[in-house]
Amino acid sequence: MSGVRRLGRAGAREPGPVRAGDPLWRRRRPLRTRLALAASAAVALVAVGVCAAAFFVIRYELLHQLDLSLTQSATRVVQQNRGEGPQIVAGECRYLSAPACAQIVPADPAADPAADSAAAYPLPVSAPVREVAAGARAPYYSNVTRFGQPLRMLTTRFGDGRALQVALRADPVEKGVRRAAVLLAAVGGAGVLLAGLLGYAVSRTGLAPVARLTSTAERIAVTRDPRHRIELPPGPPGRQDEVTRLAASFNTMLGELEQSVSSQRRLVADASHELRTPLTALRTNAELLARGDRLTPAQRERASGALGRGIREVTGLVNDLIELARDEEPLPLLEEVRIAEVAEHTVAMARTHWPRTRFLLEVEPGAAEATRPGVPARLARLLTNLLDNAAKFSPPGTPVEVALSAYGTGGGRGGGGGDEGGLELTVRDHGPGIPAGDLPYVFDRFYRAEAARALPGSGLGLAMARQIARAHGAELTAGAAPGGGALFTLTFGQGPWTAGRLRDSPGRGGPWS
C-alpha cells in the first residue's frame with residue numbers, strides 16, 4: 001500500500017508519501033506561494049464566473065432576438081393571409097436575405113391533401129404541430145435542420161383548426177454564440193493569467209516584511225548578533241498594517257534582546273574585572289603563607305588576616321552577583337511585612353557594624369503598623385545596603401538619618417490601614433553628596449564614583465537595592481539632600497502588585513534568616 005509508512009531499522013518512522021490533501025503538504029509550500037494561489041484562485045473563479053454569465057446572457061439575447069423576429073414574421077403572415085385550407089406562404093428561407101419560411105398546416109391530416117407527400121411542405125410537420133393546430137398544445141419554438149441549414153422555427157395557432165409554422169435561418173446566431181464563447185474564453189484565460197500575476201505580486205508585496213523578518217531571524221540565529229533590524233516601510237506610525245506592526249514589534253524585541261545581551265556581557269566583564277584584584281591578592285597571600293617557614297609570626301598573622309579579608313570580599317561579591325541574578329521574589333516566600341520593624345532591625349544591625357557612626361530612626365505614628373507584602377530578609381538587605389552606603393560617606397561625628405512616613409488616604413493606622421495609602425522611607429547622610437554627573441549611574445552594576453574608588457565595596461550594593469525595591473513593587477531614587485549630603489528615597493505605592501501577589505509564608509527560622 002502506498003500510504004503505509006514503514007519503520008526503519010532503528011524503529012524510527014520513515015516519511016511516507018504526502019497526499020495532496022495532507023496539511024503537511026500545504027505546510028511544505030511557502031506562505032507566499034499559498035497566498036498567491038489562494039488569491040489567484042479567488043480572482044480566477046470570479047473571472048470565469050463573470051465570463052460564463054456573460055456567455056449565457058449573450059446567447060439568451062441572440063436567441064431572444066431571433067424569436068422576436070419569428071414572432072413579427074408570424075404576425076405579418078396572420079395579417080396578410082386569411083385564406084382557408086393549408087398553403088405555403090413563403091418557402092425560400094434557405095437564403096439569409098430571403099423572408100421567413102411560412103406555412104399553414106391543418107389539424108386533421110385527413111383534411112390535408114399534402115399529408116402523404118414529404119415534399120409538399122418546406123418545413124417538417126410532426127404530431128406536435130397538429131396538436132397546436134387542434135389547440136391541444138401551446139405554441140412553441142424548436143430547432144430544425146432544413147435545406148442543409150439550421151433553422152429556428154415557431155409553431156403557433158392560425159385560427160380554428162390550423163397551425164402556422166414560421167422559420168428563419170439560425171446559423172448567424174449560432175456563429176455569433178460561438179464567437180462570443182471564443183472571445184469570452186480568451187478573456188477568461190487572460191483574466192486567470194492576470195489573476196495569477198497579480199496574486200503573486202500582492203503576496204510578494206504584502207509578505208515582504210515577513211520575508212525580511214524571517215531573513216533577520218535566520219541571520220541572528222547564524223551570527224548570534226541581535227543588532228540586526230528589519231527595515232520598515234515609511235509612513236505614519238498610526239497607519240501601519242498588521243505585518244508592519246509585527247515587524248516593528250520584532251524590532252522592539254530585538255532591541256530588548258540586544259540590551260539584555262549587552263547587559264550580560266557587561267556584567268561578566270565587570271565581574272571579571274572586580275574579581276581579578278581580590279583573586280590576585282588571595283593568590284599572593286596563599287603563596288606567601290606556603291613559605292611560612294621564612295616568615296616571622298607577625299608577618300604570618302598579617303598574611304592570614306589579609307587572606308581572610310580577601311576570602312570574605314570574594315564571598316560577598318559572589319553572593320551579591322547571585323542576588324542580582326534573581327529577577328523577582330519567589331511567591332511562596334511572600335508575607336505581610338511591617339516596614340517599621342524591618343527598619344528598626346536593620347538600624348540596630350548597622351549600629352553594630354558601624355560603631356563610630358550615629359544612626360537616627362524616626363517612624364511616624366501613621367506608619368508604625370503599616371505592612372507590605374514581601375520577603376523580610378530581602379527588604380532587610382535593601383535597607384542594609386542603603387545604610388552601609390550612607391555610613392561609608394558620612395564624616396566623623398555626623399549622623400545617618402532614617403525616616404519612615406505614610407502618605408495618602410488612611411494614614412496607615414490600625415494595623416492594615418497602611419495599605420490604603422503609600423509609605424516613604426528615606427536614608428540621608430551628611431557626606432559630600434552625589435555629583436550631578438553621577439546621579440544617572442549610581443544604580444548601575446559595578447559603577448563607582450571617583451570619590452568612592454578608594455573605599456571598600458564592589459559597586460553592587462545600590463544596584464541590588466533598586467532590584468529588590470522593584471521586585472517588591474517599590475521605587476528607589478537618589479538625590480541631593482537639603483544642606484548637603486545624599487538622600488535615598490524608597491517609596492511603596494499602592495498598586496496591583498501588592499494586591500495580587502500576596503502569599504502566606506511558611507516559617508523558616510525567623511523573619512530575617
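Colleague: Leaving aside its neighbours within four places in sequence, with which residues is Leu 275 in contact?
Modeller: This is a predicted model, in which local features need pLDDT of at least 70 and side-chain atom pairs count only at pLDDT 80 or more, while totals for chains, interfaces and linings use all residues. Residues are numbered from 1 along each chain as its sequence is written, and side-chain values use heavy atoms, with hydrogens and water left out. Leu 275 lies in helix 6 (residues 242-290), helices being DSSP runs of H or I with at least four residues and strands runs of E with at least two, numbered from the N terminus. With contact taken as heavy atoms within 4.5 Å, and neighbours within four places in sequence left aside, the partners of Leu 275 are Val 314 and Leu 317.

Colleague: How far apart in space are Leu 275 and Val 318, C-alpha to C-alpha?
Modeller: In sequence, Leu 275 and Val 318 are 43 residues apart. In space, the C-alpha to C-alpha distance between Leu 275 and Val 318 is 8.9 Å.

Colleague: What does helix 4 reach from its first C-alpha to its last?
Modeller: Helix 4 covers residues 171-206, which is 36 residues. The expected span is 1.5 Å times one less than the number of residues, and for helix 4 this expectation is 52 Å. The span in the model is close to that value, at 51 Å.

Colleague: Against which elements do the buried residues of helix 4 pack?
Modeller: Buried means under 20% relative accessible area, exposed over 50% and partly exposed in between, with a 1.4 Å probe and protein chains only. The buried residues of helix 4 include Val 173, Leu 184 and Ser 203. The elements they pack against are helix 2 (31-80), strand 4 (149-157) and strand 5 (162-169).
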